[in-house]
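Here are some notes to read alongside the model, which is a predicted one.

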Amino acid sequence: GKQPPQFAPAFMPGARADILTGDESRIYLRDMVFDESGSVLPEGNVHLFTLTDFLDDSWAHRSYWIFGKRCSISTGCSGRDRNLIFGRLLVFDESMIYGYGRKQVHWSNQLQDGAYRLFAVNRDDGKAKWSKSLKIHIRAMVLADKVIFIAGPCIDTSEGQKDLNESRGAVLMAISAADGSELSQYQLDSTPVFDGMAAAYGQLYVSMENGNLLCMSEK
């Protein structure tokens, strides 16, 4: 009948179900760390996790995917990490992290925190390599070797507006991981499901909100 004691501002022990992630020696459930036998460890390596969970497609206020060691947001106030790498979606390889989100997350709006953009940062020090504004709102993203595939509904930029326009349909884009340049673009019949894209064996799979599964190949 009592609330668990907090061990830091906005921190208290506990867990909730989520998709597990891992590296060579650790297993992660959000910010919890386990070894290969399932024993809880005090700290792990930097890894991908979320403040809510990987299946949450609601984009709740100030709830982001994080590449780090602990739950935090990038405002730098109330003891939070200043240089945290975060985004609505993140993908990464051994040297780089690519994401979609605002430049900062203090008020979580465009006026104070900037517009959404696709970005690339160095994995070691978090320094920016490139960023790119887009005419789509990314709902799914996957990294396949040197190409970033992104997909989402179009943004209406007429008369200075930047609102989603579902009537314009959705777009799949291939972006160069090296410099953010656009390689190709394809019209989609439906908006993709949140984080509903995967690449395997030379094919790209996109789960659509209209119930279809799209498979694309270069052949």
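**Notes on the cavity and the strands**

1. Thirteen residues, given as 13 in the count, line the largest cavity, and Thr52, Asp56, Trp59, Ser63 and Trp65 are the ones nearest its centre. By type, the lining comprises six nonpolar, four polar and three charged residues. The volume of this cavity is about 90 Å³, and the structure has one cavity of 30 Å³ or more.

2. Trp65 of the lining also belongs to strand 6 (residues 65-68), where Trp65 and Phe67 point one way and Ile66 and Gly68 the other way. All four of these residues are buried. In a regular strand, side chains alternate between the two faces of the sheet.

3. Strand 6 pairs with strand 5 (residues 47-50) in the antiparallel sense, over four bridges. Histidine 47 has glycine 68 of strand 6 as its bridge partner. Strand 6 also pairs with strand 7 (residues 85-87), again antiparallel, over three bridges. Here isoleucine 66 is bridged to phenylalanine 86 in strand 7.

4. An open sheet is formed by four strands in the order 8-9-10-11, with antiparallel pairing. Strand 8 (89-92) and strand 11 (128-132) are at the edges and have a single partner strand each, so one side of each lacks a neighbour in the sheet. On average, neighbouring strands of this sheet are turned by 15° against each other, direction ignored.

5. Within that sheet, strand 9 (residues 96-101) pairs with strand 10 (residues 117-122) over six bridges, in the antiparallel sense. Methionine 96 has asparagine 122 in strand 10 as its bridge partner.

Conventions: Residues numbered from 1 in each chain as written. Predicted model: local features only at pLDDT ≥ 70, side-chain atom pairs only at ≥ 80, totals over all residues. Heavy atoms only, no water. Pairing = 2+ DSSP bridges. Helix = DSSP H or I, 4+ residues; strand = E, 2+ residues; numbered from the N terminus. Axes fitted to C-alpha atoms, helices over the stretch in contact; angles between N-to-C directions. 1 Å grid on protein atoms, 1.4 Å probe; cavity = no way out; pocket = protein on both sides within 12 Å on 5 of 7 lines; lining within 4 Å. Points joined across faces, edges and corners; volume = space filled by probe spheres on them. Nonpolar A, V, L, I, M, F, W, Y, C, P; charged D, E, K, R; others polar. Buried < 20%, exposed > 50% of the residue type's maximum accessible area, 1.4 Å probe, protein only.
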